Amino acid sequence: MSAENILLVEDDENCRISLSAILAEEGYNITTAGNGRTAVKLLKEQKFSLVLTDLKIPDIDGLGVMKKAKALDSDIIVIFLTAFASVESAIEAMKAGAYDYLSKPLNIDEVRLVIRKALREKNLVTENRELKKQLRGKAKFEEIVGTSERMQNVYRMIEKVAETDSTVLIRGESGTGKELVAKAIHYNSERRNYPFVTVNCGAIPRVLLESEFFGHTRGAFTGASSERKGK
């Protein structure tokens, strides 16, 4: 596994140099910045797993750096360092999306521990997300048979529409697999964790379709002897 890239933002040169050396000994790739403007420039140019930043820095403060970092990469971890420790600033930082908040003078063992824990959790989340993606990919079209160019076009279309929140009309002769395509779209969409409900409209009289979808109360129409929940 390659070393994690960490951006250290600290305007105190002595602190920046010493902390950078300590973290480099831990095996991390450390890039440093002495102010918020430089930090934002580096964030745009490089990929970082974690940002360790002082809350009070020139140009753009730590919260501003975190905002820019999160906009570029929502998964990036931000940990604040500050000599201006207070309940208010800690709460503000955590609400804004900080992973943790460390007060100066720093306890180096605590810094090591918090960084190690944060990166481990981040990697677990990433691995879990990738595993789910791979599992979805394997099960994606398992019930659909076909390798022709036309079927490949169908698969590509399924992947494309599954990413949207649009209504999809699937047409085809009876027995060609329209419901299988509908299932593939559903289970590869953001709705995958919700029920997939099928309704055979052709088998339901038109006058009862509304009741089938939306349900009815007892006595709503002739024959409605009890309350029924819709699909």
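## R112 and its salt bridges

R112 is partly exposed, at 21% relative accessibility. The model is predicted. R112 forms a salt bridge with E26, with the closest N and O atoms 3.0 Å apart. This pair links distant parts of the chain: R112 sits in helix α5 (residues 108–139), E26 in the loop between α1 and β2, and 86 residues separate them. E26 is partly exposed too, at 32% relative accessibility.

R112 also bridges to D109, again at 3.0 Å from N to O. These two residues are three apart in helix α5, so about one helical turn separates them. D109 is exposed, with a relative accessible area of 55%.

## Helix α8 and strand β7

E212 and R228 meet in a salt bridge at 3.1 Å, N to O. E212 lies in helix α8 and R228 in strand β7 (residues 228–229), so the bridge ties together parts 16 residues apart in sequence. E212 is buried at 14% relative accessible area. R228 is partly exposed at 40%. Elsewhere, shared partners join E26, D109, R112 and R116 into one salt-bridge network.

S211 is another residue of helix α8. Its relative accessibility is 9%, so S211 counts as buried. Beyond its neighbours within four places in sequence, S211 contacts H216, F221 and G230.

L208 also belongs to α8 (residues 206–214). L208 is partly exposed, at 34%. With V207 and F221, L208 makes a nonpolar surface patch of about 280 Å².

## Packing of α2 and α3

Helices α2 (residues 36–45) and α3 (residues 62–72) pack at about 5°, with axes 10 Å apart. That angle makes α2 roughly parallel to α3. The contact involves G36, A39, V40, L43 and K44 of α2, and V65, K68, A69 and L72 of α3.

Notes
Residues numbered from 1 in each chain as written. Predicted model: local features only at pLDDT ≥ 70, side-chain atom pairs only at ≥ 80, totals over all residues. Heavy atoms only, no water. Patch = residues over 30% accessible without salt bridge, like charges linked within 9 Å, V, L, I, M, F, W, Y side chains within 5 Å. Areas by Shrake-Rupley, 256 points an atom, 1.4 Å probe, with all protein chains shown as cover. Salt bridge = Lys/Arg side-chain N within 4 Å of Asp/Glu carboxyl O. Helix = DSSP H or I, 4+ residues; strand = E, 2+ residues; numbered from the N terminus. Buried < 20%, exposed > 50% of the residue type's maximum accessible area, 1.4 Å probe, protein only. Axes fitted to C-alpha atoms, helices over the stretch in contact; angles between N-to-C directions. Parallel < 35°, antiparallel > 145°, perpendicular 65-115°, else oblique. Contact = heavy atoms within 4.5 Å.
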